[in-house]
Amino acid sequence: MTEPPALMALIGESEARPRDFAARFERGRRNRHAHRAHLQRRWSVAAAGLAAIALPAFASPGHWDRFTIAAATAEAQTPEPMPFERAGSSFPGSAFYYLEQEAAPLKVGEGIHSDAGDAAAPPPEARAPARPLTIDASGIDRTRALQCMTAAIYYEAASEAEAGQRAVAQVVLNRVAHPAYPNTVCGVVYEGSERSTGCQFSFTCDGSLARKPSRYFWDRAMQVARAALSGYVYAPVGLATHYHTVQVHPYWAASLDYLGTIGAHRFYSFHGAAGRPGAFRFAYLGGEPAAAPHPRDTASPTMAAADTLDPVAIQRRFDAQGAAPTAAASPIETAAAKTAPAPIYSSAIRERGGEALYRAQKLPETGDIKPQYANSGRWIAQPGT
């Protein structure tokens with residue numbers, strides 16, 4: 001069978017091609033040599049241009065006045081010693097103090113100026129951490145204390161971080177331990193709530209309690225409240241008894257010792273005798289009142305009691321008393337003491353002396369005391385006896 005002419009032409013062309021590809025490698029080698037020669041010619045042109053520019057500058061008359069080429073025969077100059085290499089300025093590790101330290105990058109919040117930084121530093125005792133105040137009572141006292149503490153944390157700092165909530169709880173406990181305030185958690189939280197204004201915690205008299213709390217944030221606040229009532233101490237707020245939000249500036253802020261800002265609140269402690277650690281008594285006695293605001297009362301004794309809650313007035317009273325362990329009685333307590341009825345005794349007690357039976361007389365002479373000790377202590381009042 002005879003093959004077509006086109007097929008015979010393709011077969012003849014394939015037989016003419018080299019089978020070892022040597023011709024192809026030879027062509028690649030010649031191309032590489034041509035490219036390298038081209039680059040050498042370009043570098044030669046560039047070097048010639050640079051020499052044409054630089055040689056006139058070196059040949060100028062004032063060139064050697066500006067440059068000096070070092071010679072091996074020139075006298076070597078003595079280098080100036082480093083500060084830590086001089087006599088009397090060197091000690092082990094002294095080189096560290098002469099090294100230029102690389103400045104550390106600013107962290108988040110650094111380099112920002114705040115008005116709080118201009119305030120005078122509080123005394124060291126104001127930053128002393130509070131002591132644990134454990135409310136381990138069972139039954140109604142524990143339940144009421146937990147309810148009141150949770151309400152204070154929720155309505156004052158529900159949306160804040162855990163640090164802000166713990167700071168609010170610590171302020172409540174610090175007030176429980178301070179003689180100028182009630183010695184119960186509910187008493188501290190709802191103090192002044194019988195008035196339309198002037199309550200110690202604003203949520204107790206501004207209508208905030210009418211809002212139904214969020215279950216998630218309420219449970220979160222209750223966890224912080226349980227820890228605080230179990231003896232947890234949040235040390236950063238020290239013995240702080242007051243705080244306010246960063247958006248306001250109350251009149252008493254300048255009179256108290258500023259401790260710092262945590263979350264959305266600025267915290268303060270009493271200045272002077274009222275803020276010393278000895279003025280606090282971290283012991284829980286129980287007797288929690290109802291966990292609810294007080295009934296509204298506009299009577300004059302109640303309104304007059306508002307003056308006793310003024311922090312500036314409390315400081316002045318403590319300074320006048322010289323850090324007395326107890327605060328002065330409020331007008332309400334004074335009025336109650338004046339109107340308190342006299343105790344009623346039975347006829348047998350009245351025949352025996354009535355009230356006189358319960359009054360302390362000359363105690364050393366009322367018992368069976370040995371004669372040699374009968375006059376013990378009288379020499380203090382009557383020296384020489």
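1. Contact is taken here to mean heavy atoms within 4.5 Å, while helices (H or I, at least four residues) and strands (E, at least two) are DSSP runs numbered from the N terminus. Axes are lines fitted to C-alpha atoms, for helices over the stretch in contact, and angles run from 0 to 180 degrees between N-to-C directions. On these terms, helix H5 (residues 162-177) lies across E1, E2 and E3 and runs at about 145° to E1.

2. The model is predicted, with local features needing pLDDT of at least 70 and side-chain atom pairs counted only at pLDDT 80 or more, whereas totals for chains, interfaces and linings use all residues. Residues are numbered from 1 along each chain as its sequence is written, and side-chain values use heavy atoms, with hydrogens and water left out.

3. The secondary structure of the protein comes to 12 helices and three strands. The three strands form an open antiparallel sheet in the order E1-E3-E2, where pairing requires that DSSP finds at least two bridges between two strands. Strand E1 (242-245) and strand E2 (257-262) are at the edges with a single partner strand each, so one side of each is left without a neighbour in the sheet. Neighbouring strands of this sheet are turned by 25° against each other on average, direction ignored.

4. Between E1 and strand E3 (residues 265-269), the antiparallel pairing extends over four bridges, and His242 stands opposite Tyr268 in E3.

5. Of the contacts in the protein with a separation of 6 or more, 70% are accounted for by residues 24 or more positions apart.
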